[in-house]
Amino acid sequence: MTQKTIREQKRLVWSLGKFDMRPFWADTDSTLKCHFETEHGALFSGDCLDVLPLLRDGCIDTVFADPPFNLGKQYGKNTNDNRADAEYQEWCKQWLVECIRLLKPGGALFLYNLPKWNIPLGAFIGEQKGMQFRHWIAVEISACLPIPGRLHPSHYSLLYYTKGMPKTFRRIRTPIPLCRHCGGEIKDYGGHRGALNPKGLTLKDVWTDIPPVRHAKFKSQKRKANALSTKLLDRVIEMSTVPGDVVLDPFGGSGTTFAVCEAKGRRWLGVELDFADVVADRLSSDDLAHHRNDDYIEG
Ligand SMILES: C[S@@+](CC[C@H](N)C(=O)[O-])C[C@H]1O[C@@H](n2cnc3c(N)ncnc32)[C@H](O)[C@@H]1O
């Protein structure tokens with residue numbers, strides 16, 4: 001094959017790389033332009049409350065939402081992270097209603113937030129919107145400081161609901177925990193060690209092995225804050241989707257969800273209010289490192 005042919009092939013792949021939004025628009029005349037696209041997905045720059053209503057009912061397999069937690073943090077100039085409690089919950093309910101509308105029957109909704117917010121929001125999703133509760137996953141975090149007069153907060157909540165019976169649930173196995181120093185097994189399985197599956201233990205609903213995003217190689221070069229570990233998204237996506245499925249993240253941040261979708265052959269749709277350029281940069285550069293993950297996926 002000549003060099004010329006290879007170059008021509010590359011151009012062809014690039015033109016095929018445009019993401020086909022037509023199956024996703026509620027109105028086929030929609031003219032909203034995406035900010036960035038790949039063969040697998042499209043990112044919209046704007047408020048998710050403006051973008052989600054433009055999408056068609058039942059077109060999404062999994063939603064993952066990691067909104068601002070209303071802790072008064074500085075995000076971009078358009079984000080208000082300091083609302084009254086009731087106002088924050090009302091705002092969350094508005095985009096949750098849209099996310100649930102967009103899910104296919106059996107599709108999955110993951111909501112990452114403080115326990116304080118996921119208690120009322122979980123009740124809304126389950127009792128008022130009729131979604132099926134699957135799990136409250138406690139994700140251990142090391143970044144929180146102790147608060148006087150309280151227990152030391154050391155987990156965030158990852159709520160997992162499905163729209164009726166889950167259409168996809170793939171079992172994940174995690175390696176049998178070993179001592180970092182001697183390499184021996186940490187736990188005694190009380191005489192049942194021989195019965196353990198050699199591929200690993202069934203994933204629990206307490207995740208103590210999600211690394212913090214500290215090292216620069218795991219971060220966007222233009223945005224150092226708020227990125228989640230790719231390992232958390234690996235689990236969400238492997239558990240609830242198969243290749244070709246569509247994942248929606250309405251709060252793109254620096255694009256972790258989309259990077260994991262790209263790596264795993266899932267399609268994706270995303271919205272980001274202030275940092276769409278950061279996501280585009282991150283996805284189009286080759287320097288995005290993924291955290292090590294020794295999970296075993298069944299099925
Ligand atoms: C906690 S961060 C998400 C981080 C992301 N999960 C990651 O790993 O990079 C929340 C993001 O939501 C964005 N945001 C806030 N309000 C928004 C809105 N109404 N629509 C879309 N994005 C919004 C903020 O700019 C911020 O980047």
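Reader: How many helices and strands does the secondary structure of the protein come to?

Author: Helices, of at least four residues, and strands, of at least two, are taken as DSSP runs numbered from the N terminus. The model is a predicted one. On that basis, the secondary structure of the protein comes to seven helices and twelve strands.

Reader: Is V51 buried or exposed?

Author: V51 lies in helix α2, which covers residues 48-51. A residue counts as buried if 20 or more other C-beta atoms lie within 10 Å of its own. V51 has 21 other C-beta atoms within 10 Å, and is therefore buried.

Reader: What separation do the C-alpha atoms of V51 and V271 have?

Author: Leaving aside residues up to four places away in sequence, V51 touches F44, G46 and V271. V51 and V271 are 220 residues apart along the chain, yet their C-alpha atoms are separated by 7.5 Å.

Reader: Which elements give two or more residues to the shell around the ligand?

Author: The ligand is surrounded by 23 residues, the closest being D66, F251, G253, T256 and L273. Two or more residues of this shell come from each of the elements α2 and β11 (267-272).

Reader: How far does helix α4 reach from its first C-alpha to its last?

Author: Helix α4 spans residues 115-128 and has 14 residues. At 1.5 Å a residue the expected reach is 20 Å, and the computed value is close to this, at 19 Å.

Reader: Against which elements do the buried residues of α4 pack?

Author: The buried residues of α4 are L121, G122 and I125. In an α-helix there are 3.6 residues a turn, so residues three or four places apart point the same way. The buried residues of α4 pack against α3 (85-102), β4 (103-113) and β6 (155-162).

Reader: Which residue just after α4 takes a positive phi?

Author: Helix α4 covers residues 115-128. Just after α4, a positive phi of about 70° is taken by G130.

Terms used: Residues are numbered from 1 along each chain as its sequence is written. This is a predicted model: local features need pLDDT of at least 70, side-chain atom pairs count only at pLDDT 80 or more; totals for chains, interfaces and linings use all residues. A residue is buried if 20 or more other C-beta atoms lie within 10 Å of its own, exposed if 12 or fewer, and partly exposed in between; C-beta atoms are placed from the backbone. Two residues are in contact if their C-beta atoms, placed from the backbone, lie within 7 Å. A residue is near a molecule or strand if its C-beta atom, placed from the backbone, lies within 6 Å of it. The expected span of a helix is 1.5 Å times one less than its number of residues.
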